[in-house]
Each structure stands twice: as C-alpha cells, then as structure tokens.
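Q: I'd like to learn how to read rings and pockets in a protein model. Let's begin with a look at the picture.

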Amino acid sequence: MIEPILLTAARISTYSQSSLLTNASGFFFERDERLFLVTSRHVLFSKSSKHYPDRIEIELHINAENIAESTGFSIPLYRDGKSLWRHGSDAAGVIDVAVVEIDRKALPKTAVYRAFSPRHLLSSLAQVEVGSSLLIVGFPLGFHDALHHTPVVRHAIIASSFGLRFQGEGFFLTDARTHRGSSGAPVIMRITEPLPAHGDLPWMLLGIHSSRFDVGNRDLIKDEALGLNGAWYADILLKLTERPA
C-alpha cells in the first residue's frame, strides 16, 4: 500500500462537453459524512482566460490491493443552468478556492481514497511560523506516476508571515518550484504529535495552492522569476462546506 497522503490528491481534467481543456490538481475533504473535491476556483471558471468547463473528471483508484487499477469519474459543474460548485469571497474580493460535493453513492464501491477533515485544519497559529517546512501534493503539468496514478510531491517553506493576509489578500506565500497543473493542490505540514482523530493522515492542511506569484515590473531578461506562490488559507473550507440554510 502506498502512503495515504498520496491518496488525498486527485488529478483533474476539465471538459467543455467532450473537449478536453486543461489539467489541474485537487484533493478530497469530508465533513459531516459529506465528501467534497477541493481545487482552485480558476480551474472551474475563469473570465480572464475564457475558461468555462461544464464538467470535470478525476481519476480514482479502485483496488486497494493493486493501486495501478483506476477509473475515470465524471463530475458535472452545472445542473439546470445553476452552478453545482461553491466559492468564497471576502472584503478583498474573490477567493481562489472552490468545492464541489461528490455523491458518495455514485462512487465505485471499491474506490480507494483519503480525505482531509476539519480535524486537519490549524487550531493554533503558534504551531506554524515563517520558514516552516511544507509539502505540495499535486500534478505539475499533469505529470504523475502514470502506472500507479499517483501525484508527485514538491517541498516548500512558508515564505511570508503565517496568519497575516499577504498584501491584504486571504493567502500566504510559499517558496517552492511549481508549474501549471499544480493549481488546487493541498499545502500541508507534518504533525509532529498526531492524535487518533487524524487517523492515517498525520498532516495539517494549511492551504490550497493557487498560482505562482511574480512582480509586474520584473525584467524578463535580467531577472529570474521570484519562485514564490500564493496559497489560500484552508480555513475557508469550513465556510464552503457548510450545509445550505
């Protein structure tokens, strides 16, 4: 059996009807017996890039004894003209995080995955500080173990004061080498003293990777890219996964 953390991530393909549009990353989050797929909002909808998929497909493992066995699982994004996914916003504007609920009954009976839960969210800012070591679990440029259908992991550190909204926005910075396709990946930190409630996922979910962060006045010839990324604080998931009133 592979490390359970690799089973939290899902490779996402976006479609407009039958046309493949893009690849991205996502992960599973459960709350009150409900299961959600989490990714970046711009993976599901982006005016700036004219990206308007109507469904996504994720790859699911279906045999715990043979992790190489997988199947595609389609998730519609709209029904009767209404969005089936949710995103958040705050005083600074739109938050680049989105969730779509997965019907557990529709999943293959033998589906193999792991999901984060509210128990994996940060309980105290004292647990994290600038320079803390992180992992980003995803599918950069769609790259993955094509035989076993598992993601790859990039090492990162927290590059801005954790707990502060960087430049007033709801994200913090990470220092990591990332690529397109990593959008929506979980940003996690190892829990040194896990509790039984964490199960076989001794990881703290700190954020959702969004995109590379750069400066507009950088000389593209003389200056290297900053190598920094924006990660939206994961506590937004508590709002996005609330039961509708």
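A: Start with two residues: Phe27 and Phe116 are both buried, where buried means under 20% relative accessible area, exposed over 50% and partly exposed in between (1.4 Å probe, protein chains only). Keep in mind that this is a predicted model, where local features need pLDDT of at least 70 and side-chain atom pairs pLDDT 80 or more, while totals for chains, interfaces and linings use all residues. Residues are numbered from 1 along each chain as its sequence is written, and side-chain values use heavy atoms, leaving out hydrogens and water.

Q: How many aromatic pairs does the structure hold?

A: Rings of Phe, Tyr and Trp (its six-membered ring) pair if their centres lie within 6.5 Å; planes under 30 degrees apart are stacked, over 60 edge-to-face, the rest tilted. There are 9 aromatic pairs here. Phe27 and Phe116 make an edge-to-face one, 5.8 Å centre to centre with 85° between the planes. This pair links distant parts of the chain, 89 residues apart: Phe27 is in strand β2, and Phe116 is in the loop between β9 and β10. (Strands, E, at least two residues, and helices, H or I, at least four, are DSSP runs numbered from the N terminus.)

Q: What about Phe45 and Trp85?

A: Their ring centres are 6.3 Å apart and their planes at 35°, so that pair is tilted. It also joins distant parts of the chain, 40 residues apart, with Phe45 in the loop between α1 and β4 and Trp85 in strand β8.

Q: Which residue lies over the face of Trp203?

A: A charge sits over a ring if NZ of Lys or CZ of Arg is within 6 Å of the ring centre and within 35 degrees of the ring normal. Arg190 does this over Trp203, at 4.9 Å from the ring centre. The charged end of Arg55 sits over the ring of Tyr15, 4.1 Å from its centre.

Q: Which residues lie closest to the centre of the largest pocket?

A: A pocket is an open set of points on a 1 Å grid over the protein atoms alone, where a 1.4 Å probe fits, with protein on both sides within 12 Å along at least five of seven lines; lining residues have an atom within 4 Å of a point. The largest one holds about 550 Å³ of space. Its lining has 23 residues, and His42, Val43, Arg180, Ser183 and Ser210 are closest to the centre. Strand β14 gives the largest share of that lining, 4 residues.

Technical notes: Points joined across faces, edges and corners; volume = space filled by probe spheres on them.
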